[in-house]
Amino acid sequence: MGRVVKVNRRQLLLGGLGLGVAATLARDYSTNRYQAHLRSLAESQLNEDPNQLLEATFNSDAKKIYQGQILIKETKLTQPVTPYNRQISKLLIQCSKIATQQYLTGKVIPSYDGSISKLLAYSNALAGYKQIASFQGKEMATSQKVELNIPDPRWIADDPLEESFNEMGKSLINSTINQAVKVRREIPVYLGFVLSSSEHNIIVFRGTQTGSEWVNNLAAISMPYTDPRSRQYFGKVHEGFIRNYLKIVKPLPREIALKLDPSLPCYITGHSLGASLAVLCALDLALNAPKLRPNLNLYTYASPRVGDATFAKLHSKMIPNSYRIANLCDTFTLVPPTKGLGTFLHVGQQWSFLSPQGDIMPNHVVDTYRDAVEKQMEKQTPQIFTAKFS
């Protein structure tokens, strides 16, 4: 059994969904005696000097937030050349909803051929488009548990409260992954589609749907990324997102892109997991379909952070016309943390809106984003917000 990830207090609080899943799955793993030991450990630390402990914790939080803000400020991303297009954005977020229905229909009806015109979310606004491809990949059906070793990032904790949560965090993350990573067989599923018209082309990726995809989303382990063809190094990226992108096996996005008219704008889009796939696809096409590069446009919705500062900076140079639409109440746009198991920064010019739906998932779902974009609620906003507390 390998060493496990050290989970800090901030990750446990921010990852509300992940913590809920982990706590549920850990019931059988943790004994009453072990839980009592953890409570005793936390209480003993609090009893030492609560004021001093809290002060140290707040100072640690402030330091990490400040470091993250400085990193964002110093990573000067290339700004878009063309303005954000609200009409296109309305069309693209509708396509994201259609991509979700495409996936679900394929799961339920084995004879379904991937045609989006048969779906309930299909709109007459797409009547002038021809569907020229559907992306397919492999999805794991589950039965047998498989153990997984997680590398230890060897963090040095400077937050006193973190130590109280680390042992519990190890148990939770182990239990979550041991329960979630199971293998029986691979089944074909739809991951998105490509549309073409006389005015522009659209490449769409669907959002997160399965438990294993959520585990990949939350397992924020970074890895070096070098383009396999050009051999150019692009910094470090989220390992789970790369794994998901590599599951697109039929056809490869670049194979379809090479058939598109390079003189037309090409819009790449996705929601949630689909947003991370869109970010990676845009870079893939910029490198391996260079004739398309001047007309590539990236619109993402509810996107997590995909790579480090090097990746974000080089990505913005390759695809400057990049826009990230985010609900400020959506916690999934805050993962992975800027500083955690590696460094992660967003890509794209930020356009945000405020739409509280009363819970974690409703704040995140594609319909919340579609409603906000339809109402033109999104505004261009800086990535750094300054808050004052009295």
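Trainee: What percentage of the 390 residues in the protein do buried residues make up?

Mentor: Burial is judged by relative accessible area, and a residue under 20% counts as buried. In this predicted model, buried residues make up 51% of the 390. The accessible surface of the protein comes to about 19,100 Å², and carbon and sulfur atoms hold 55% of that area.

Trainee: How many helices and strands are there in the protein?

Mentor: The protein has 13 helices and 13 strands. As for how the chain is connected, take the contacts with a separation of 6 or more: 84% of them are between residues 24 or more positions apart.

Trainee: Which elements have the lowest and the highest mean pLDDT?

Mentor: pLDDT is the predictor's confidence, given per residue, and it should be read before any local detail. Helix α2, residues 16-25, has the lowest mean among the elements, at 38, while strand β8, residues 296-301, has the highest, at 98. Over residues 1-31 the pLDDT is below 50, yet this stretch has 70 contacts in the model beyond near neighbours in sequence. For the protein as a whole the mean is 77, and 65% of the residues reach 70 or more.

Trainee: Next, charged side chains. How many salt bridges does a search of the whole structure find?

Mentor: The criterion is a side-chain nitrogen of Lys or Arg within 4 Å of a carboxyl oxygen of Asp or Glu. By that criterion the whole structure has 7 salt bridges. One of them joins the side chains of Arg86 and Glu378, with N to O at 3.3 Å.

Trainee: Where in the chain do Arg86 and Glu378 lie?

Mentor: Arg86 is in helix α5, residues 86-108, and Glu378 is in the loop between α13 and β13. They are 292 residues apart, so the pair links distant parts of the chain. Glu378 is buried, at 0% relative accessible area.

Trainee: What is the N to O distance between Lys118 and Asp113?

Mentor: Their side chains meet in a salt bridge at 3.4 Å, N to O. Lys118 is exposed, with a relative accessible area of 57%, and Asp113 is partly exposed at 48%. Asp371 and Lys375 form a salt bridge at 3.2 Å, N to O. There Asp371 is partly exposed at 37%, and Lys375 is exposed at 55%.

Trainee: Which residues are linked in a network of salt bridges?

Mentor: Lys97, Asp367 and Arg370 are linked in such a network.

Trainee: Which side chain of opposite charge is nearest to Asp308?

Mentor: Lys236 is the nearest, 6.4 Å away. The cut-off for a salt bridge is 4 Å, and Asp308, although buried, has no salt bridge.

Trainee: What does the side chain of Asp308 reach instead?

Mentor: The side chain of Asp308 reaches the backbone nitrogen of Phe311 at 2.9 Å. Asp308 itself lies in the loop between β8 and α11, the latter spanning residues 309-318.

Trainee: Which residues does Asp308 touch, not counting residues up to four places away in sequence?

Mentor: Asp308 touches Phe234, Gly235, Lys236, Thr343 and Phe344. Lys236 is thus on the contact list of Asp308, but no salt bridge is made by Asp308. A contact can involve any heavy atoms, whereas a salt bridge needs the charged groups themselves.

Methods:
Residues are numbered from 1 along each chain as its sequence is written. This is a predicted model: local features need pLDDT of at least 70, side-chain atom pairs count only at pLDDT 80 or more; totals for chains, interfaces and linings use all residues. Side-chain values use heavy atoms; hydrogens and water are left out. pLDDT is the predictor's confidence in each residue, from 0 to 100. Helices (H or I, at least four residues) and strands (E, at least two) are DSSP runs, numbered from the N terminus. Contact means heavy atoms within 4.5 Å. Buried means under 20% relative accessible area, exposed over 50%, partly exposed in between (1.4 Å probe, protein chains only). Lys and Arg count as positive and Asp and Glu as negative; His and the chain ends are not counted. A polar contact is a pair of N or O atoms within 3.5 Å; within protein, one must be able to donate a hydrogen and the other to accept it, and residues adjacent in sequence count only if both atoms are side-chain atoms. Accessible areas come from the Shrake-Rupley method with a 1.4 Å probe; for residues, only the protein chains shown count as cover.
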